[in-house]
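Please give a short briefing on this protein model for someone new to reading structures.

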Amino acid sequence: MTIPKTHPFPFDPTYGMTLDTLRAIVPPEAPPGFDAFWQKRYKRALTIDPQPTLRKSSLTHPAWQVLDITYTSTDDVTIGGWLLLPRDAPVRRGLVVGHGYGGRDAPDFDLPVEQTAILFPCARGMSLSAQAPIPPDAPGHVLHNIDSPDDYVIGGCVEDLWIAVSALQALYPWLANRIGYIGGSFGGGLGALAIPFDSRIDRGHLIVPTFGDRKQWLTLPTVGSADSVQTYQKTHPDVLDHLRLFDAAAAATRIKVPMLVAAALFDPAVAPPCQFAVANAIPPSKYNEIFILDAGHFDYPGMTEQNFALREKLRGFLKVHEPGISALA
């Protein structure tokens, strides 16, 4: 392992924990009404006609046809993003890709997939989905309507992912039940909240996911989005009561599809105990794996090699299988 030994932070981004202690973390229990809260939101999201609109993008790539896409989400929010289509192969799988709290400026052309339509939506309020009065910056965005669970922006962002699945199915009906999800950091936390309640998502890959174990998330020092919420908590001590409905670890206990989760031992932006609360929450299965990274949100020796190994894991995880052959074989 090459966990960073020197760093500029005024706290220890390992939080004094080892791999063994991180693996022993038990996820929190969901609050009363948790399932009903999300099931109601999902049912509402399914009533939305996304009306996806495509146009040729100014971006180009030799392997991918790049299209700009917009679709309608809940609350009549317009979501913008990009759709990649293989230039020289049929579309046989779908993939929705979330982003971190820095937003997204362009699609990722290097995902190890083929024969796949890849949708890169921008979360409401951010990047191509910027919309007043939602703040476009992470510290402001994570606080938007935080004291009203029905209106909290994070719930809307989860709905945007569900409707991204609806948009892919509207464009390519044969992709039903062959759509996966990838998300890192902010997008990882959203994915952990979205996947258990949407049976149309057949597998997920979460990288250093946030929003796990909100009680810890509100107490551990960080340079990530939790920092602004911790400051807010000083004058709004009941904020945890609202955030427990948005606990990615509590949600992850309900995931039933194959999962590949990458969790880090050192991370100044998403505390590793919160990441492992999510990773450990996913029910044990021969189809699930936790991939250990030495660090997240920080450059370190060996990072290139670890990222390559994770990429190869992801290649097999998202492989398109021939008809009649189980995707889990």
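Predicted model: local features only at pLDDT ≥ 70, side-chain atom pairs only at ≥ 80, totals over all residues.

Residues are numbered from 1 along each chain as its sequence is written, and side-chain values use heavy atoms, with hydrogens and water left out. Helices (H or I, at least four residues) and strands (E, at least two) are DSSP runs, numbered from the N terminus.

**The largest pocket**

- Pockets and cavities are both found on a 1 Å grid over the protein atoms alone: a cavity is a set of points where a 1.4 Å probe fits but cannot get out, and a pocket is an open set with protein on both sides within 12 Å along at least five of seven lines.
- Lining residues are those with an atom within 4 Å of a point.
- The largest pocket holds about 730 Å³ of space, where a volume is the space filled by probe spheres set on the points, and grid points are joined across faces, edges and corners.
- Its lining has 28 residues, and D108, G184, I207, N307 and L310 are the ones nearest the centre of the pocket.
- Two or more lining residues come from each of β6 (179–184), β7 (201–207) and α11 (303–317).
- Helix α11 contributes the most to this lining, with five residues.
- Sorted by class, the lining of the largest pocket has 14 nonpolar, 10 polar and four charged residues; Ala, Val, Leu, Ile, Met, Phe, Trp, Tyr, Cys and Pro count as nonpolar, Asp, Glu, Lys and Arg as charged, and the others, Gly among them, as polar.

**The cavities**

- How many cavities of 30 Å³ or more are there by this rule? The count comes to two.
- The largest cavity has a volume of about 60 Å³, and the residues that line it include H99, C122, D160, F186 and L190.
- Helices α4 and α5 (186–194) each supply at least two residues of that lining.
- The lining of the largest cavity is made up of seven nonpolar, three polar and one charged residues.
- The second largest cavity has a volume of about 40 Å³, and among the residues that line it are W217, L220, Q230, V270 and C274.
- Helices α6 (214–217) and α7 (226–233) are the elements that give two or more residues to the lining of the second largest cavity.
- This second lining divides into seven nonpolar, three polar and no charged residues.

**Helices**

- Helix α10 (residues 272–281) is mostly covered, with 10 of its 10 residues buried; buried means under 20% relative accessible area, exposed over 50%, and partly exposed in between (1.4 Å probe, protein chains only).
- Among the buried residues of α10 are P272, C274, F276 and V278.
- The axes of helix α2 (residues 34–46) and helix α4 (residues 153–171) come within 10 Å and cross at roughly 45°, with axes taken as lines fitted to C-alpha atoms, for helices over the stretch in contact, and angles running from 0 to 180 degrees between N-to-C directions.
- That angle makes α2 oblique to α4, because angles under 35 degrees count as roughly parallel, over 145 as roughly antiparallel, 65 to 115 as roughly perpendicular and the rest as oblique.

- A cis peptide bond, with omega about 5°, joins A132 and P133.
- P133 lies in the loop between β5 (116–121) and α3 (138–141).
- S127 is also placed in the loop between β5 and α3, and has a positive phi of about 50° although it is not a glycine.
- Is S127 buried or partly exposed? With 32% relative accessibility, S127 counts as partly exposed.
- S185 sits in the loop between β6 and α5, and its phi is near 60°, a positive value in a residue other than glycine.
- S185 is buried, at 12% relative accessible area.

- P86 belongs to strand β3 (residues 78–86) and is buried, with a relative accessible area of 13%.
- P86 and V113 are 27 residues apart in sequence and 9.6 Å apart in space, C-alpha to C-alpha.
- L260 is found in strand β8 (residues 259–264) and is buried, with a relative accessible area of 3%.
- From C-alpha to C-alpha, L260 and E289 are 5.0 Å apart in space, and they are 29 residues apart in sequence.
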